[in-house]
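This report describes selected features of the model shown below. The sequence and the structure should be read together with the text.

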Amino acid sequence: DEYGAGTVVAVLDTGLDYYHSAFLDKNYTADRSKLGLTFDQVSAIMANNDMAAESREPGLKAEDVYISDKVPYAFDYADSDSDVFPLLSNHGTHVAGVIAGNYLPHIESEDYTGEFVGVAPGAQVAVFKIFSDVEASAHTSWILAALEDCVTIGVDVINMSIGTSCGFSREMDKEAISGVYDRI
């Protein structure tokens, strides 16, 4: 069994280069019968209009956010669309790679840089892009919407390596948002 199989890790960050070999479905070698989040589950959640992402992009469907079994959910909360490809920084891709990347050396590709395996290569990565394509900050409202959807889809782990004060720009924000973080 691969470490992390059956686990969904949310990465709230700058997005994901989902074309990178470490995240391609063909390199995802975990037991597919143990997925923590399936396309059918994402479809069922979205059919109930329970996602904050749906209010940001009306008409959003599971087909828009389900990239693969490795990346079963991806949405850009900053720019309100389903394109999580990073334009300003690859930090989110790096973080996701450390967590759950899996690059197999026997697979030929253009971006071959040697073998590497994340801490939990069997885990799935849910991508919550909270940095905009046009500005270098993460607004509190984007972070909170992403966290709300983390809870809605039932991720197992939330990573927020965002380099800011967790969305706190004022002391009153810190007090209000700390309660949200505590409940999550």
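## Helix 5 and the residue after it

In this predicted model, Gly 154 follows helix 5 and has a positive phi, near 75°.

The buried residues of helix 5 are Trp 142, Ile 143, Ala 145, Ala 146, Leu 147, Asp 149, Cys 150 and Ile 153.

## Aromatic pairs around Phe 85

How many aromatic pairs does the count give? The count comes to seven aromatic pairs. One of the pairs is formed by Tyr 18 and Phe 85, with an edge-to-face arrangement: the ring centres are 5.9 Å apart and the planes lie at 80°. This pair links distant parts of the chain, as 67 residues separate its members. Tyr 18 belongs to the loop between strand 1 (8–13) and helix 1 (39–47), whereas Phe 85 belongs to the loop between strand 2 (73–76) and helix 4 (91–100).

Is Tyr 18 buried or exposed? The relative accessibility of Tyr 18 is 18%, and the residue therefore counts as buried, the limit being under 20%. Phe 85, at 27%, counts as partly exposed. Phe 85 also forms an aromatic pair with Tyr 19; this pair is tilted, with 6.1 Å from centre to centre and 50° between the planes. The pair of Tyr 19 and Phe 85 likewise links distant parts of the chain, 66 residues apart, with Tyr 19 in the loop between strand 1 and helix 1. Tyr 19 has a relative accessible area of 61% and is therefore exposed.

Which strand is joined to strand 2 by four bridges? The partner is strand 5 (residues 124–129), and the two strands run parallel. Within this pairing, Ala 74 stands opposite Val 127 of strand 5. Tyr 73 and Phe 75 are also members of one aromatic cluster, together with Tyr 77 and Phe 128.

Terms used: Residues numbered from 1 in each chain as written. Predicted model: local features only at pLDDT ≥ 70, side-chain atom pairs only at ≥ 80, totals over all residues. Heavy atoms only, no water. Buried < 20%, exposed > 50% of the residue type's maximum accessible area, 1.4 Å probe, protein only. Phe/Tyr/Trp six-rings, centres within 6.5 Å; stacked < 30°, edge-to-face > 60°. Pairing = 2+ DSSP bridges.
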